[in-house]
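Visitor: I am new to this structure and would be grateful for a guided introduction. May we begin by looking at it together?

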Amino acid sequence: MARFEREPSEYTEKVVALNRVSKTVKGGRVMKFSALVVVGDQKGKVGYGMGKAAEVPEAIRKGLEAAKKNMITVNLSGTTIPHETIGAAGAGRVLMKPAAPGTGVIAGGAVRAVVEAAGIKDIRTKCLRSNNPNNVVAAAFEGLKSMRCPEEVARIRGKSVEEILG
């Protein structure tokens with residue numbers, strides 16, 4: 001088997017950002033790479049991870065492992081999200097709004113990767129404040145994590161779903 005070939009996974013994997021950083025030492029510069037990776041099963045499970053290594057494929061592999069450990073389940077309502085939300089992480093803020101069927105994914109690069117991996121088909125998003133991929137992906141995650149379906153809210157408040165939805 002070749003060195004970097006992998007068996008196909010049940011998750012979709014997307015490299016959101018690759019960054020080359022260098023450290024200056026006595027003998028010159030030492031280059032390293034960091035990879036921000038998003039994985040998801042397109043049925044409501046999604047995760048992200050950061051991998052750092054001296055070579056790109058190794059950084060991506062480490063990012064994938066971190067992402068699979070860091071999976072969350074997203075509450076979906078049909079092909080969109082149950083309600084509007086703002087996710088925040090660091091200086092990153094991501095506004096997410098549900099959209100009518102057929103709208104598609106209206107999102108920037110980093111948020112698009114997270115939303116598509118989660119299996120959301122119709123959504124409108126906007127990055128507020130920072131557009132650093134690390135913070136934007138983390139903020140999108142916080143937003144998706146804070147989603148509550150009407151059944152959950154009804155159970156917490158001790159009411160029926162009809163009362164919640166009005």
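This is a predicted model: local features need pLDDT of at least 70, side-chain atom pairs count only at pLDDT 80 or more; totals for chains, interfaces and linings use all residues.

Visitor: In what order do the elements of the protein chain run from the N terminus on?

Guide: The secondary structure of the protein chain comprises five helices and eight strands. Read from the N terminus on, these elements follow the order β-β-β-α-β-β-β-β-α-β-α-α-α.

Visitor: How are α2 and α3 oriented to each other?

Guide: Helix α2 covers residues 109-118 and helix α3 residues 133-145, and their axes lie 8 Å apart at an angle of about 40 degrees. Angles under 35 degrees would count as roughly parallel, and 65 to 115 as roughly perpendicular. The two helices, α2 and α3, are therefore oblique to each other.

Visitor: Into which classes do the residues of the contact of α2 with α3 divide?

Guide: On the side of α2, the contact is made by A110, V111 and V114, while α3 contributes P133, V136, V137, A140, F141 and L144. Ala, Val, Leu, Phe and Pro are among the residues that count as nonpolar. The division is accordingly no polar, no charged and nine nonpolar.

Visitor: What share of the residues of the protein chain counts as buried?

Guide: A residue counts as buried at under 20% relative accessible area. The accessible surface of the whole protein chain comes to about 9,700 Å², with 50% belonging to carbon and sulfur atoms. Of the 166 residues, the buried share is 36%.

Terms used:
Residues are numbered from 1 along each chain as its sequence is written. Side-chain values use heavy atoms; hydrogens and water are left out. Axes are lines fitted to C-alpha atoms, for helices over the stretch in contact, and angles run from 0 to 180 degrees between N-to-C directions. Helices (H or I, at least four residues) and strands (E, at least two) are DSSP runs, numbered from the N terminus. Angles under 35 degrees count as roughly parallel, over 145 as roughly antiparallel, 65 to 115 as roughly perpendicular and the rest as oblique. Contact means heavy atoms within 4.5 Å. Buried means under 20% relative accessible area, exposed over 50%, partly exposed in between (1.4 Å probe, protein chains only). Accessible areas come from the Shrake-Rupley method with a 1.4 Å probe; for residues, only the protein chains shown count as cover.
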